[in-house]
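The sequence and structure come next.

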Amino acid sequence: MPEQLPWLITRDLEDSHALAKRLCALGHAAQPFACIARKALPFALPETKANLCILVSSVFGAQCLWGVWPQCLVRWPHLSVAALAPQTSQWLKARGVPVFLEVAGGAKQLAEKVAEVLAAQNPRDELLWLTGHAGAARKEQAWAMEKLQALTRVHRVLAYATTTAPGLEQQMAQWHGKRARMLFCSPSACEAFFEVRKALEKSPVVVEVACVGNSTLQAWEKDKKASEPPSSLWTHVEAFVQETFHTKGKP
């Protein structure tokens, strides 16, 4: 019987546990391997009387929106929400937040679809983008901001921060020399993994990699060892789960 190598899930601890539990329920080996942690930051809503569309590009951003949702409804009775699909949009809809536009992919794909909507409006909505420091520093988001700002006013709010998971060094030591597969869902997770690996000179032996989003794939390819495999590319986590575990049934 072939060896069933585990998938190490590198998202923040809560999401890693949830996804690993789901994959195990499907009969496959998976374990949390949190590379990043996120924390909410205090932020102020923009002072504008224009109609507003809120962009949400991560589940943590959705959680930040949920914390101010009652205030948003009071300030902007006709506001709309555009979110990445499926995890972020599903998280919002499960709590009763109406999502008028759901887009698979990343910041670039979300911006392209929102830009299409804006181009048909007169007057155009202003945009509120709840994001984090790491996302705001990415080339993909810079491209998206440039495209959207050419059409309307964009209020980009830094609602959360991403840091290296506090237990990552211990996990690296525990998995040192052991074979595993790895799922990365953000460039930040890749960067944290490489940073700690370089400092400790310890890590799992990576035999297969899956990356969600082009920016994540680029972060992996940029710093991986020559002996490590290239990554497969997925538009979102649900696509990875459906194709890898449901359709193929690959152990």
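## Strand E4

In strand E4, Leu52, Ile54 and Val56 point one way and Cys53 and Leu55 the other way, and all of them are buried. Buried stands for under 20% relative accessible area, exposed for over 50%, and partly exposed for the range in between, with a 1.4 Å probe and protein chains only. E4 covers residues 52–56 and is mostly covered, five of its five residues being buried. Helices (H or I, at least four residues) and strands (E, at least two) are DSSP runs, numbered from the N terminus.

The model is predicted: local features need pLDDT of at least 70 and side-chain atom pairs count only at pLDDT 80 or more, while totals for chains, interfaces and linings use all residues. Residues are numbered from 1 along each chain as its sequence is written, and side-chain values use heavy atoms, with hydrogens and water left out.

## Partners of E4

E4 is joined to strand E7 (residues 126–132) by five bridges, and the two strands run parallel. Two strands are said to pair if DSSP finds at least two bridges between them.

From E4 the chain passes through helix H2 (residues 59–75) to E5, a β-α-β crossover that is right-handed. Right-handed means that, with the strands pointing away from the viewer, the path from the first strand over the helix to the second runs clockwise.

## The five-stranded sheet

An open sheet is formed by five strands in the order E2-E1-E9-E10-E11, with parallel pairing. Strand E2 (30–32) and strand E11 (232–234) stand at the edges with a single partner strand each, so one side of each has no neighbour in the sheet. From one strand to the next the twist averages 25 degrees. The axes are lines fitted to C-alpha atoms, for helices over the stretch in contact, and angles run from 0 to 180 degrees between N-to-C directions.

Within this sheet, E9 and E10 pair in the parallel sense over six bridges. The bridge partner of Phe184 in E10 is Cys211.

## Salt bridges

Side chains of opposite charge can pair when their charged atoms come close. A salt bridge is a side-chain nitrogen of Lys or Arg within 4 Å of a carboxyl oxygen of Asp or Glu. The whole structure has eight salt bridges. In one of them, the closest N and O atoms of Arg38 and Asp12 are 3.4 Å apart. Arg38 belongs to strand E3 (residues 36–40) and Asp12 to the loop between strand E1 (7–9) and helix H1 (13–25), so the pair ties together parts that are 26 residues apart in sequence. Arg38 is partly exposed, at 27% relative accessible area, whereas Asp12 is buried at 11%.

Glu208 and Arg181 form another salt bridge, at 3.0 Å from N to O. This pair links distant parts of the chain, with Glu208 in strand E10 (residues 205–212) and Arg181 in strand E9 (residues 179–184), 27 residues apart. Glu208 is partly exposed at 21% relative accessible area, and Arg181 is buried at 11%. Lys222 and Asp223 also form a salt bridge, with the closest N and O atoms 3.6 Å apart. Lys222 is exposed, at 66% relative accessibility, and Asp223 is partly exposed, at 37%.

## Arg197

Arg197 lies in helix H8 (residues 187–200) and is buried, with a relative accessible area of 7%. Beyond its neighbours within four places in sequence, Arg197 is in contact (heavy atoms within 4.5 Å) with Met172, Lys202, Ser203, Asp223, Lys224, Lys225 and Glu228.

## Overall dimensions

The secondary structure comprises 10 helices and 11 strands. The C-alpha trace spans about 60 × 40 × 30 Å along its principal axes.

Of the 251 residues, 50% count as buried. Among contacts between residues at least 6 apart in sequence, 71% join residues at least 24 apart.
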